[in-house]
Amino acid sequence: MPLYRQEQQFQRQGVRLSRQNLANWVIKASVWFDVIYKRLHEYLLKEEILHADETTVQVLQEVGKKATSKSFMWLYRTGKYTAHPIVWFDYQPSRSGEHVEAFLKDFKGYLHTDGYSGYNHLDVIRVGCWAHARRKFKECLEALGKDKKVKPLRTLANAGFNYCQALYRIENTIWDLSIKERYICRQEHSLPIVKAFSTWFQTNKDRVLPRSCLGKAIEYSMNQMKYLKNYLLDGRLEMDNNRRERSIKPFI
């Protein structure tokens with residue numbers, strides 16, 4: 001809760017505490033939080049499955065940077081199957097991949113991410129986000145509209161979207177299965193669709209302009225497929241990175 005709101009609540013109860021005083025308490029207390037912060041980091045690195053993301057944040061007074069420049073809040077969190085649920089926010093002055101490389105240098109498991117190239121050099125098994133792939137085809141359909149002149153393009157975009165939807169429909173039916181059962185079901189039902197989707201975009205990539213909305217959607221799926229298909233490797237993994245999106249949304 002913002003300090004100015006805490007200040008107002010205290011005033012309504014007859015307690016006069018200034019924002020400046022509250023801010024000083026937070027700063028002084030952070031010395032003790034640092035111990036917990038480092039301990040949580042140790043626990044995170046012992047996990048087998050993590051999620052990661054980053055979002056912009058503006059810092060008004062930062063040495064060597066203009067107030068209008070962008071800084072970044074990185075988020076790391078545990079997966080669904082963990083004994084120690086942890087959500088970690090890590091402030092950094094830039095979006096450079098060197099920050100995540102330093103943070104996760106001792107982590108060797110599965111990492112759910114979006115398509116950002118800053119994660120490319122990690123010594124982990126990256127698990128791509130099907131929500132991002134599906135969203136790009138959906139945005140294409142919305143952009144193309146119902147004009148008869150673009151019907152062939154709309155048909156292609158709809159086909160790409162439907163491949164993603166088919167995979168999500170399978171997930172909706174197996175969410176309550178055991179980890180082993182989910183893995184088996186994905187091998188039997190999801191893997192053939194993933195392979196068909198890979199064949200589809202290889203066949204149709206030259207039928208659209210590379211820089212068009214549909215061209216970018218196909219290119220994203222092509223470039224990310226080596227990560228997108230990895231959720232099939234383990235029944236504990238998720239199809240998308242929405243878990244981290246829900247965790248970072250309160251900060252945004």
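What share of the 252 residues of the chain counts as buried? The share is 40%, where buried stands for under 20% relative accessible area, exposed for over 50% and partly exposed for the range in between, with a 1.4 Å probe and protein chains only. The model is a predicted one, in which local features need pLDDT of at least 70 and side-chain atom pairs count only at pLDDT 80 or more, whereas totals for chains, interfaces and linings use all residues. Residues are numbered from 1 along each chain as its sequence is written, and side-chain values use heavy atoms, with hydrogens and water left out.

**Overall architecture**

The chain holds eight helices and five strands, taken as DSSP runs numbered from the N terminus (H or I and at least four residues for helices, E and at least two for strands). Their order along the sequence is α-α-β-β-β-α-β-β-α-α-α-α-α, and the C-alpha trace spans about 65 × 45 × 40 Å along its principal axes. Among the contacts (heavy atoms within 4.5 Å) with a separation of 6 or more, 59% join residues 24 or more positions apart.

**Nonpolar cores**

A nonpolar core is a set of buried Ala, Val, Leu, Ile, Met, Phe, Trp, Tyr and Cys residues joined through side-chain atoms within 4.5 Å. In the largest one, of 35 residues, W130, F137, L214 and Y231 touch the most other members. The elements giving two or more residues to this core are α4, α5, α6 and α7, and α5 gives the most, with nine residues. Leaving aside residues up to four places away in sequence, F137 touches A157, G160, F161, F197, W200, L214, A217, I218 and S221. Another core, of 18 residues, lies apart from the largest one and has L45, W74, F103 and V124 among its members.

**Aromatic pairs and charges over rings**

Rings of Phe, Tyr and Trp (its six-membered ring) count as a pair if their centres lie within 6.5 Å, and the pair is stacked with planes under 30 degrees apart, edge-to-face over 60 and tilted for the rest. The count by this rule is 14 aromatic pairs. One of them, W74 with Y119, is edge-to-face, at 6.1 Å centre to centre and 75° between the planes. This pair links distant parts of the chain, since W74 belongs to strand β2 (residues 71-78) and Y119 to the loop between β4 (110-112) and β5 (125-127), 45 residues apart. W74 is buried, at a relative accessible area of 0%, and Y119 is buried with a value of 0%.

The pair of F89 and F251 is tilted, because the ring centres are 5.9 Å apart and the planes stand at 40°. F89 is in strand β3 (residues 87-92) and F251 in the segment after α8 (242-248), so this pair ties together parts 162 residues apart in sequence. F89 counts as partly exposed at 28% relative accessibility, and F251 counts as partly exposed at 35%. T56, in strand β1, also touches F251, along with K70, S71 and F72, residues up to four places away in sequence not being counted.

One aromatic cluster is formed by W130, F137, Y163, F197, W200, F201 and Y231. A charge sits over a ring if NZ of Lys or CZ of Arg is within 6 Å of the ring centre and within 35 degrees of the ring normal. The charged end of K136 is placed over the ring of Y220, 4.9 Å from its centre, and K46 lies over the face of Y43, at 5.7 Å from the ring centre.
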